[in-house]
Amino acid sequence: NGVIPKLQSEGFTTIAGSNPLRGIPTDAPYIGSLLDSISGPVVLVAHSMGGTVITNAAAGKSNVKALVYIAAFVPDVGETQGDLINKFPGSEVLPVSVPVPYTKPDGTTGTDLYLSTDGQAAFAADLSTAKFRLLQATQRPFDADSFIYPTQAAAWKTIPS
């Protein structure tokens, strides 16, 4: 929210794509479709699991000229977010995630992970407490299954990052 007005004041077109937060099989094609709708060069910026999404979604997209990862997952082909959390101990993602069961369309139970009220240091340490509280209350949850899907493409191998 702080960066968008600055970019717009410089004349840049900005879009904050709405990541579904369901996992690579849903999120990457969705964001890929958004990329297909944009004429002209694109710089993709991602935070947290958004890094996994842009890593997959940008592959093969000639209009994507750069990838920016801010405290984000940057998986290689075949890696999952769960692999990265276990490979590099110390992640604070799961300790500040609040699991909430939900019913999936097929009737099975899934688990959404919401950001806890004590997650500021792990997720948004640079924000004021008031801004973090707004973020924490409005941030959509992500499906816990997001940790199990293997990365299908690593756009960072061919796109400047």
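Predicted model: local features only at pLDDT ≥ 70, side-chain atom pairs only at ≥ 80, totals over all residues.

Analyst: Residues are numbered from 1 along each chain as its sequence is written, and side-chain values use heavy atoms, with hydrogens and water left out.

User: What makes Ser-48 count as buried?

Analyst: Buried means under 20% relative accessible area, exposed over 50%, and partly exposed in between (1.4 Å probe, protein chains only). Ser-48 has 16% relative accessibility, so Ser-48 counts as buried. Ser-48 is found in strand 1. Its phi is positive, about 60°, although Ser-48 is not a glycine.

User: Why is Ala-71 called exposed?

Analyst: The relative accessible area of Ala-71 is 67%, so Ala-71 is exposed. Ala-71 sits in strand 2. Ala-71 is not a glycine either, yet has a positive phi of about 45°.

User: How do you know that the span of helix 2 agrees with its number of residues?

Analyst: Helices (H or I, at least four residues) and strands (E, at least two) are DSSP runs, numbered from the N terminus. The expected span of a helix is 1.5 Å times one less than its number of residues. Helix 2 (residues 24-36) has 13 residues and should span 18 Å; its end C-alpha atoms are 17 Å apart, which agrees.

User: What makes the buried residues of helix 2 line one face?

Analyst: The buried residues are Ile-24, Asp-27, Ala-28, Ile-31, Gly-32 and Leu-35. Seen down the axis of helix 2, they fall within an arc of 125°, so they line one face. That arc is taken from the directions from the helix axis to the C-beta atoms. An α-helix has 3.6 residues a turn, so residues three or four places apart point the same way. Pro-25 and Asp-36, on the other side of helix 2, are exposed.

User: What do the buried residues of helix 2 pack against?

Analyst: They pack against strand 1 (42-48), helix 3 (50-57) and strand 2 (64-72). Contact means heavy atoms within 4.5 Å.

User: Why is helix 3 called largely enclosed?

Analyst: Eight of the eight residues of helix 3 are buried, so helix 3 is largely enclosed by the rest of the structure. Among them are Gly-50, Val-53, Ile-54 and Ala-57. Their cover includes helix 2, strand 1, strand 2 and helix 4 (81-87).

User: How do you know that strand 3 and strand 5 are edge strands?

Analyst: Two strands pair if DSSP finds at least two bridges between them. The open sheet has three strands in the order 3-4-5, with antiparallel pairing. Strand 3 (97-103) and strand 5 (142-143) each pair on one side only.

User: How many bridges join strand 3 to strand 4?

Analyst: Seven bridges join strand 3 to strand 4 (residues 109-115), and the two run antiparallel. Tyr-102 stands opposite Gly-110, and Thr-103 opposite Thr-109. Strand 3 and strand 4 form a hairpin with five residues between them. In the turn, Gly-107 has a positive phi of about 95°.

User: What makes a space a cavity, and which residues line the largest cavity?

Analyst: On a 1 Å grid over the protein atoms alone, a cavity is a set of points where a 1.4 Å probe fits but cannot get out; lining residues have an atom within 4 Å of a point. The search of the whole structure finds one cavity of 30 Å³ or more. The lining includes Gly-23, Met-49, Gln-81 and Ser-146. Helix 2 and helix 3 each supply at least two lining residues.

Notes: 1 Å grid on protein atoms, 1.4 Å probe; cavity = no way out; pocket = protein on both sides within 12 Å on 5 of 7 lines; lining within 4 Å. Points joined across faces, edges and corners; volume = space filled by probe spheres on them.
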